[in-house]
Amino acid sequence: MKNQILYAIVDIETTGSFASDNRITEIAIRIHDGEKVIEKFDTLINPEKNIPYFITSLTGIDNFMVSEAPKFVEVAAQIFNLLHDKVFIAHNVNFDYSFVKNQLAVHNYQLNCKKLCTVRLARKILSGYPSYSLGKICRSLNITLNNQHRAGGDADATVLLFQKILDSDSSNYLEESLKKKSKEQMLPPNLQKNNLDILPDTPGIYQFKDKKGIIIYVGKAKNIRQRVISHFSSDDTSRKRQDFLNTIYTIDFKETGTEIMALIEEANMIKNTWPKYNRALKTVEIFYAIYSYEDLNGYTRLVADRKRKYSNPILILENLSLAIEKIKQIAETYDLCFFLCGLQKPSVNLIKCSSPNCSHCINKYSVKKYNQHLNQALLQIHDDLENFIIKTKGRSENENGFVIIEQGNVTRMGYLICEQENMTKDYLSQNLNPCPLNFYIKNIAYQHANRFPEDLIFL
């Protein structure tokens, strides 16, 4: 008996593609000692739910065939006893394992096996074939596949494929895959392990890509490697998760040096690429702004409106209510006329401000005098807007990360090898990447500024 390891080679048929809301209709188990099959188990299973027509078209299993078959609860103990102390093997193992584990758990059997995937093993040990789907790899290797899409036929073919893998494994790849630190058994079927091996234990962002190289998910992490692995260790058996895992072919990453830079890079990349499986940060932001304009009587007035491209607003805010509230705050702080700030409608015959402290209405200012008063207020507002730089450590020892905040908004970010004497606003602006207006990023910057005031350089 090779290394005293027993393998359980499993194939199942089901009512659908994800374990959380579907059931097993047939299961075949082949116990293999590393040289030959020493025990077999096959049975149809009554799923206690309707088998969809498209499943019947694929497998030939219909509701009538399973009507007299045992329910899963009747064979759960037998299945658990066959599997629990073996290495669980299947073609696309996470699919079969998720179903079997899920249904055993319903009946209080906790399956916790090591796993091996013959898709992944064949790609590594029997490399060079155009496809590793069971049918196509069997044809390429001249493996007989009888009764395809039935559990027994597919399990027998997987046994023969596994035997070829064993015979060709001159570098003991299979043995290495079973080691706990390998993580091989938890990876999605289409992701090569070397993609995981090169991931760093540093802060940054990562991107999962599909077969065509399209980004399908962007994430950020304090530790890229650990965060990526956590995606594959969940027990979530939903359709969305299964589709997500099966779509992952490659991983790219970018180190950022610090968490704040990772958060900003993640937000920017999601906005730019709109990945399929990201939910957060995928909203179209509509900004509002406070503008000034001159009315027909020559008064400079304030108004809240949607931010217009290439406009030069006084302030930019997240929504209309905040913009109106900010105008009210400005009017109260600087004794401006509520009526001329658009905060009240005139009465039928009288233009009168409702603010008891309005200097214009009390002192009967002229148009020129009022405009001067308002312009002084706007200058003070502009001066009060915060301008500072966040300087953090970079991606290497001699590099720094920078985030520039101008007039209260994040405008640029990036990395520079920069000596203290070169650290001027103009120098940084010329050498850092522009950052589009984004209140999520603004909040990140201000949260970091509050937590780490030692990172701030005021302009």
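A nonpolar surface patch is made here of residues with over 30% relative accessible area and no salt bridge, their nonpolar side chains being joined within 5 Å. In this predicted model, W274, V284 and I286 form such a patch, and together they have about 320 Å² of accessible area. V284 sits in the loop between α12 (259–273) and β9 (288–294). With a relative accessible area of 72%, V284 counts as exposed, because the cut-off for that class is over 50%.

The largest nonpolar core has 52 residues, and the members that touch the most others are I27, I29, I79, L83, F88, V100 and L111. Helix α3 (residues 72–83) supplies the largest share of this core, with seven residues. Another core lies apart from it and has 25 residues, including Y299, I314, I330 and Y370.

Leaving aside neighbours within four places in sequence, I27 is in contact with V10, D11, I12, F41, D42, T43, I45, I79, V100 and A151.

K115 is a lysine placed in strand β5 (residues 115–117). Is K115 buried or exposed? Its relative accessible area is 12%, so K115 is buried, the limit being under 20%. The side chain of K115 makes a polar contact of 2.8 Å with the side chain of N94. Not counting residues up to four places away in sequence, K115 touches V87, F88, V93, N94, Y97, L178 and Q185. N94 is therefore both a contact of K115 and its polar partner.

Y132 lies in the loop between α5 (118–125) and α6 (134–140). Although placed in a loop, Y132 is buried, with a relative accessible area of 9%. Which residues surround Y132, apart from those up to four places away in sequence? They are H91, V119, A122, R123, L126, S127 and I137. V119, A122 and R123 fall within the residue range of α5, and I137 within that of α6.

The side chain of Y132 also reaches backbone atoms. One of its polar atoms lies 3.1 Å from the backbone nitrogen of G128, and the side chain reaches the backbone nitrogen of Y129 at 3.1 Å as well. Y132 and T118 are 14 residues apart in sequence, and their C-alpha atoms are 9.0 Å apart in space.

Key: Residues are numbered from 1 along each chain as its sequence is written. This is a predicted model: local features need pLDDT of at least 70, side-chain atom pairs count only at pLDDT 80 or more; totals for chains, interfaces and linings use all residues. Side-chain values use heavy atoms; hydrogens and water are left out. A nonpolar core is a set of buried Ala, Val, Leu, Ile, Met, Phe, Trp, Tyr and Cys residues joined through side-chain atoms within 4.5 Å. Buried means under 20% relative accessible area, exposed over 50%, partly exposed in between (1.4 Å probe, protein chains only). Helices (H or I, at least four residues) and strands (E, at least two) are DSSP runs, numbered from the N terminus. Contact means heavy atoms within 4.5 Å. A polar contact is a pair of N or O atoms within 3.5 Å; within protein, one must be able to donate a hydrogen and the other to accept it, and residues adjacent in sequence count only if both atoms are side-chain atoms. Patches are made of residues with over 30% relative accessible area and no salt bridge: like charges are joined within 9 Å, nonpolar side chains (Val, Leu, Ile, Met, Phe, Trp, Tyr) within 5 Å. Accessible areas come from the Shrake-Rupley method with a 1.4 Å probe; for residues, only the protein chains shown count as cover. A salt bridge is a side-chain nitrogen of Lys or Arg within 4 Å of a carboxyl oxygen of Asp or Glu.
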